[in-house]
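Here is a quick tour for someone meeting this structure for the first time. Have a look at the chain, then read on.

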Amino acid sequence: MSKVAVIGGGWAGIAAAVALADAGHDIAVFEMAPQLGGRARSVAGQPDYDNGQHILIGAYRDSLALMRRLGVDPEQVLKRLPLALPYPGEPGLRLPPGSPLVAFTRGVLAHRGWPLGARLGLLAAAGGWLARGFRCDAALSVAELCAGLPAAVKRDLVEPLCVAALNTPAPQASARVFLRVLKDALFSGPGSADLLLPRRPLSDLLAGPAAAWLGDRLRLGTRVQAVEPGWRVDGERFDAVVLACTSVETARLTADVAPAWSATAQGLGFEPIVTVYLHSPGSALPSPMLALREGPDAPAQFVFDHGALGGAPGRFAFVVSGAAPWVARGGCAEAVLAQAVRELRWASPPVIDKVLTEKRATFACTPGLVRPPAFIATGLWAAGDYVEGPYPATLEGAVRAGRVAAQGVGAEAGGTGTGAKGAASGSPTNTP
Ligand SMILES: Cc1cc2nc3c(=O)[nH]c(=O)nc-3n(C[C@H](O)[C@H](O)[C@H](O)COP(=O)(O)OP(=O)(O)OC[C@H]3O[C@@H](n4cnc5c(N)ncnc54)[C@H](O)[C@@H]3O)c2cc1C
């Protein structure tokens, strides 16, 4: 048994801590905030507001397994819906139940909102991606990958999916990562493309149960200042350390001990997400989630009806992903309100309830991006949604990274050094 410090208690840190504790290590989790959860948590002091609307998909295998490990039943806390992208007044693309690939083909063919040529064009392109194993040149952007697709398909499917999954607009987003998300949604078995919408506050999904499970191994409200060779965390000796804090903090903590790794982490760019909560008593959307058409005066790409999801009736979360232009320009919440009034029907005039702007919501998932690996130095591992791996910045990417780091520490503790570095490349659970 070794003594391991996990620094950072977001989903990556929780995943690492649980895996390490399960493997019999003596762990301590340092988290600077007063609660666990990182970016995926409820707002402190206002537990029925989330720090941004989150959605999961059926392919998030490791996240769902982690929830179960902590005694959370995903079927209770998440509403499972077959993938559908309805727009106000339009049914949009919807996949029928069954094998995702067959469902995708049937769903596209049945989508009367697109001309037949557009439907066939999308199926032909998807067939090409499938034939190439959903791989492409790392330098390609999503806009370049999809340049030949009909305009309606780009507008109604590619662009909203890209910004939702990668939080990066299609012209700047990595086609390779986009294809990987599509592959996992369409190929990891029945239900993998399903949308899983939180029915409970975010902290009930993982952070709260994790805090109870970790108990006195948690050191909340503790911002780690320094990690020194040895390994010493603010002077306290550990056999190994998992750095599960943000890329910016991890870069700071490794600047002296691993300058090259630190520089790579420091080189990541970020994309903001703005969540605008509107309140309109008595109102309801035709479905729990609607896609919206983004435009120069229409910032939001999606809206969620919290009343339909078991939350506060009359509360609606509008999501503005890839929000850099709106953060720079200002007036995002007012523009969302105007968009909502224009595009949706309300039982009472909606008002702005709360606006949350996460300036560093995710790393910018651009073509050819070099991400730092999980292995930093012997006994020093990184875990976080930004660490090298096939996924964009997502809950699943964070959880997988946490497990990979824990496997690396475990392999080193077992004396299998090469196994440890093997874990750093993402195998076995993170194989592209
Ligand atoms: C508004 C918003 C919407 C999103 N929507 C989705 C979505 O729909 N689906 C999806 O899959 N993903 C979504 N994401 C992304 C998802 O939230 C992240 O990918 C995930 O939460 C990252 O987890 P993490 O553990 O890697 O990092 P973090 O959650 O950032 O955790 C890092 C932790 O380290 C702590 N820390 C930092 N420095 C120190 C230090 N020195 N000492 C101690 N602790 C420290 C921080 O307080 C934090 O708790 C969204 C993100 C945002 C912001």
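This is a predicted model: local features need pLDDT of at least 70, side-chain atom pairs count only at pLDDT 80 or more; totals for chains, interfaces and linings use all residues.

Numbering starts from 1 along each chain as its sequence is written, and side-chain values use heavy atoms, leaving out hydrogens and water.

The chain splits into domain 1 (3–71 + 201–268 + 369–424), domain 2 (83–187) and domain 3 (270–363), with bounds from an automatic or database domain assignment. Between the C-alpha centres of domain 1 and domain 3 there are 30 Å. In their contact (heavy atoms within 4.5 Å), 20 residues of domain 1 meet 16 residues of domain 3. Together these two domains bury about 1500 Å², 59% of it on carbon and sulfur atoms; that is accessible area (1.4 Å probe) lost on being put together, summed over both. Arg39, Tyr49 and Gln53 supply 39% of what domain 1 buries there.

Now for the helices, which are DSSP runs (H or I, at least four residues) numbered from the N terminus. Axes are lines fitted to C-alpha atoms over the stretch in contact, with angles from 0 to 180 degrees between N-to-C directions.

| Helix pair | Angle | Axes |
|---|---|---|
| α1 (residues 11–22) and α10 (residues 207–214) | about 30 degrees | 11 Å apart |
| α4 (residues 100–110) and α8 (residues 175–187) | roughly 105 degrees | within 7 Å |

Helices α4 and α8 are therefore roughly perpendicular (65 to 115 degrees). Pro100, Leu101 and Phe104 of α4 touch Ala185, Leu186 and Phe187 of α8.

Note on methods
Helices (H or I, at least four residues) and strands (E, at least two) are DSSP runs, numbered from the N terminus. Angles under 35 degrees count as roughly parallel, over 145 as roughly antiparallel, 65 to 115 as roughly perpendicular and the rest as oblique.
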